[in-house]
Amino acid sequence: MLTTRSTAACPAAQPVPIVCPPPPEGLSLSLTLPGEPHCAGIARSAVRSALHAHALDPFVPEAVLAASELVAVASYLNPSRDLYLSLRHRESALRLIVYDAHARHPHPRLAAACDARRRGGLRLLAAVVRDCGGDWGFGESREPGGGTRSWAVLPCLVS
């Protein structure tokens, strides 16, 4: 004998209206990307959406550009290897970090050349961060597995 189940036992979920956006301090976005050129676009969209959801729209242009530059350079220097993007709002600043698997070169001249290539790729980021009164940099990752950690801090005062 064939029986059918009633769909009444599992009602459709109703959308929950958002009365007010969550506070900026709650902004926390983490995203793993495949390290391909198109990932900069994915990073831009994700950062834009996260900032909009937390009513941080005035900071979208600089943060989107910073995320795009960090991801683009990391994918260029570390092609086809996963990248990890993090966006947080802490202490009245947006903090963007990209981790990639490009390990520090043991030979000092190779390390210096690699650093110069990364620094050159991040010239636009440096200019934007400087105009915002922020800070940026890169160095050896403290995460397990090593690699490189590139970051930008963009100050923002939210009323």
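## Ground rules

Local features in this predicted model need pLDDT of at least 70, and side-chain atom pairs count only at pLDDT 80 or more, while totals for chains, interfaces and linings use all residues. Residues are numbered from 1 along each chain as its sequence is written, and side-chain values use heavy atoms, with hydrogens and water left out.

## The overall layout

The chain has 4 helices and 5 strands; helices (H or I, at least four residues) and strands (E, at least two) are DSSP runs, numbered from the N terminus. Read from the N terminus, the order is β-α-α-β-β-α-α-β-β.

Of the 159 residues, 40% count as buried, where buried means under 20% relative accessible area, exposed over 50% and partly exposed in between (1.4 Å probe, protein chains only). The chain exposes about 9,700 Å², and carbon and sulfur atoms supply 58% of that; the areas come from the Shrake-Rupley method with a 1.4 Å probe, and for residues only the protein chains shown count as cover. Take the contacts (heavy atoms within 4.5 Å) between residues at least 6 apart in sequence: 63% of them join residues at least 24 apart.

## Strand 2 and its partners

Strand 1 (residues 28-33) runs antiparallel to strand 2 over 6 bridges, and T32 stands opposite Y84 of strand 2. With strand 3, the pairing is also antiparallel, over 7 bridges, and here R90 stands opposite A93 of strand 3.

Strands 2 and 3 form a hairpin with 2 residues between the strands, and E91 takes a positive phi near 50 degrees there. As for cover, strand 2 is largely enclosed by the rest of the structure, because 6 of its 8 residues are buried.

## A histidine in a loop

H54 sits in the loop between helix 1 (39-53) and helix 2 (60-77). Setting aside neighbours within four places in sequence, H54 is in contact with P21, P22, P23, P24, G26 and L27.

## The largest pocket

On a 1 Å grid over the protein atoms alone, a pocket is an open set of points with protein on both sides within 12 Å along at least five of seven lines, whereas a cavity is a set where a 1.4 Å probe fits but cannot get out; lining residues have an atom within 4 Å of a point. Points are joined across faces, edges and corners, and a volume is the space filled by probe spheres set on them.

The largest pocket holds about 180 Å³ of space. Its lining includes Y84, Y99, D100, E143 and P144, and the elements giving two or more residues to that lining are strand 2 (83-90) and strand 3 (93-100). By class, the lining has 5 nonpolar, 3 polar and 3 charged residues. Here Ala, Val, Leu, Ile, Met, Phe, Trp, Tyr, Cys and Pro count as nonpolar, Asp, Glu, Lys and Arg as charged, and the others, Gly among them, as polar.

## The cavity

A search of the whole structure turns up 1 cavity of 30 Å³ or more, and the largest cavity has a volume of about 100 Å³. Of its 13 lining residues, A103, R104, C114, D115 and T148 lie nearest the centre. Helix 3 (108-121) and strand 4 (135-140) are the elements that give two or more residues to this lining, and helix 3 gives the most, with 4. The classes come to 4 nonpolar, 5 polar and 4 charged residues.

Terms used: Pairing = 2+ DSSP bridges.
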